[in-house]
Amino acid sequence: MSDSTPRSQELRIPSLARVEGETALHLRIHDGTVIEARLKIYEPPRFFEAFLRGRAHTEPPDLTSRICGICPVAYQMSACRAIEDACGVVVDGQLAALRRLLYCGEWIESQTLHIHMLHAPDFLGEDDVIGLSRLHLEHVRRGLRLKQAGNAVVELLGGRAIHPVNVRLGGFHRAPTRAELRPLEERLRTALDDAWDTVRWVAGFEFPDAECDADLLALAETGTYAIESGVPTVLPYSATSPPYSFPLRDFTDHVAEEQVAHSTALHSRLDGRRHLTGSLARWAVSGRLLSPLALQAAREAGLGDPPSHAGAGRGGEVCRNPYRSILVRAVEVLYAVEEALRIIAEYERPARPYAEVPARAGTGHGATEAPRGLLYHRYTFDGGGRVTDACIVPPTAQNQGAIEEDLRRLVQAGLDRGEGSEAELTRLCERAVRNHDPCISCSAHFLELDIERIH
């Protein structure tokens, strides 16, 4: 075989238990240069949008929550907002506050799971959380306490911790009493201390130099850190391009999905460019609206001050290092705990647990900030309230292009440092993917790395 003949080499890793879902990675390397990185998601298509057609307008919140067992509240809230938009109903007051409280619970448990169980082992040289617990048991226990606190919030409001059953259009089947919320306060006060300790813990990690060169997309809400509502807002990567926003109804005019041959998940581009949604984007777009306590935590963590207005990047720092996303997640957990305590302290039980949402013909749009990023839903209904069209754009599908480019750049940097063995490249790729906490089932507990070297 001549030296010019392309040679391919395949490495299979039987289990990657710290990424949710199933995926493979194909790298093409030519004379030491990475020319392509393809994240190949091969889980079977879920077809949720197809089987929602013909369903009653009351059904999508419960059905779409089954898309993900980690962030079912995100799917319920985005579906509710889209349907209520189509039906001309606005949920406000204490019902809106309860929705935000429920979402805070999901943020606490989901972000904590990623920080302590999935991401931290990478920084401490451990293969998994079992190995982590041998040397850092107190940190693992703290993570479990935090996750249990988040689960308790979701269970009390949602009826159960996974796939809540108490959520409905217009609010909830039943609203809790003040007395029922009171036990959560003590648990959340302990969680606030644990969240502070988590911020200080992850601040001591060593972070490789890296930069994600994608535009950042997150919801922005006047006067508050956006969670359950907001306007899509973009911070372009180019320093010469100003931030901009667009109406939610125009979301699919800006975020275009396309099928790629190597993945069962759609890829997305924002106005023709790669983009990233999630914690780093939220920090850039709305970090200035975090509570004073959360901003103090961010400074102690080394994030500095966020951009001073609308993600403009002036008077503050835009964090584009995906390794440092764990810092932002830790700050968001602290904020969610504090916000949950605030809502409980101000809670008055509403006269009715839900607002009526009568069916009508029309199209509605809804978006919320899932832990992994912006989650968009659109539904069209006929006059009888039956779904005639559905569109769901999850954050992981939006982030795939940015993840692939991150992989290409990080592998290239590894090759330039002489880290060219299959084992070294595998570790590097696994870590790079985990930086973004992808939820493959929404768009990896199994990664096959296929390296094709062309000489």
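In which loop is D271 found? D271 sits in the loop between strand 10 (267–270) and strand 11 (275–276), where helices (H or I, at least four residues) and strands (E, at least two) are DSSP runs numbered from the N terminus. The structure is a predicted model, in which local features need pLDDT of at least 70 and side-chain atom pairs count only at pLDDT 80 or more, while totals for chains, interfaces and linings use all residues. Residues are numbered from 1 along each chain as its sequence is written, and side-chain values use heavy atoms, with hydrogens and water left out.

The backbone at D271 has a phi near 50°, a positive value in a residue other than glycine. Most residues other than glycine have a negative phi. D271 is partly exposed, with a relative accessible area of 31%; here buried means under 20% relative accessible area, exposed means over 50%, and partly exposed lies in between (1.4 Å probe, protein chains only). H163 likewise has a positive phi near 50° and is not a glycine, and its place is in the loop between helix 6 and strand 4 (167–168). With a relative accessible area of 18%, H163 counts as buried.

R66, in the loop between helix 2 (60–65) and helix 3 (72–86), is 96 residues from I162 in sequence, yet the two are 9.3 Å apart in space, C-alpha to C-alpha. R66 is partly exposed, at a relative accessible area of 35%. Q76 belongs to helix 3 and is buried, with a relative accessible area of 0%. Between Q76 and V167 there are 91 residues of sequence separation and 7.4 Å in space, again from C-alpha to C-alpha.

Helix packing is the next topic. Two packed helices are described by the angle between their axes and the distance between the axes. Axes are lines fitted to C-alpha atoms, for helices over the stretch in contact, and the angles run from 0 to 180 degrees between N-to-C directions. The axes of helix 4 (residues 93–123) and helix 6 (residues 137–158) come within 8 Å and cross at roughly 155°, which makes helix 4 roughly antiparallel to helix 6. For this description, angles under 35 degrees count as roughly parallel, over 145 as roughly antiparallel, 65 to 115 as roughly perpendicular and the rest as oblique. The crossing of helix 4 and helix 6 is left-handed, a term used if the near helix is turned anticlockwise from the far one by less than a right angle, with right-handed used if clockwise. By class, 12 nonpolar, eight polar and four charged residues make up the contact of helix 4 with helix 6; Ala, Val, Leu, Ile, Met, Phe, Trp, Tyr, Cys and Pro count as nonpolar, Asp, Glu, Lys and Arg as charged, and the others, Gly among them, as polar.

Helix 7 and helix 11 pack at an angle of about 160°, with their axes 8 Å apart, so that helix 7 is roughly antiparallel to helix 11. Their contact has 21 nonpolar, one polar and four charged residues, and the crossing of helix 7 and helix 11 is left-handed.

Rings of Phe, Tyr and Trp (its six-membered ring) pair if their centres lie within 6.5 Å, and planes under 30 degrees apart count as stacked, over 60 as edge-to-face and the rest as tilted. By this rule the count comes to nine aromatic pairs. Among them is the stacked pair of F123 and F205, at 5.0 Å centre to centre and with 15° between the planes. F123 lies in helix 4 and F205 in the loop between helix 7 (178–203) and strand 6 (215–220), so this pair links parts of the chain that are 82 residues apart. Both F123 and F205 are buried.

The rings of Y225 and Y335 have their centres 5.5 Å apart and their planes at 70°, and the pair is therefore edge-to-face. Because Y225 lies in the loop between strand 6 and strand 7 (231–235) and Y335 in helix 11 (residues 325–345), the pair ties together parts that are 110 residues apart in sequence. Y225 is buried at a relative accessible area of 1%, and Y335 counts as buried at 4%.

F123 and F205 also belong, with W201 and F207, to one aromatic cluster. R431 lies over the face of F123, at 4.7 Å from the ring centre, and R324 over the face of F207, at 5.4 Å from the ring centre; a charge sits over a ring if NZ of Lys or CZ of Arg is within 6 Å of the ring centre and within 35 degrees of the ring normal.
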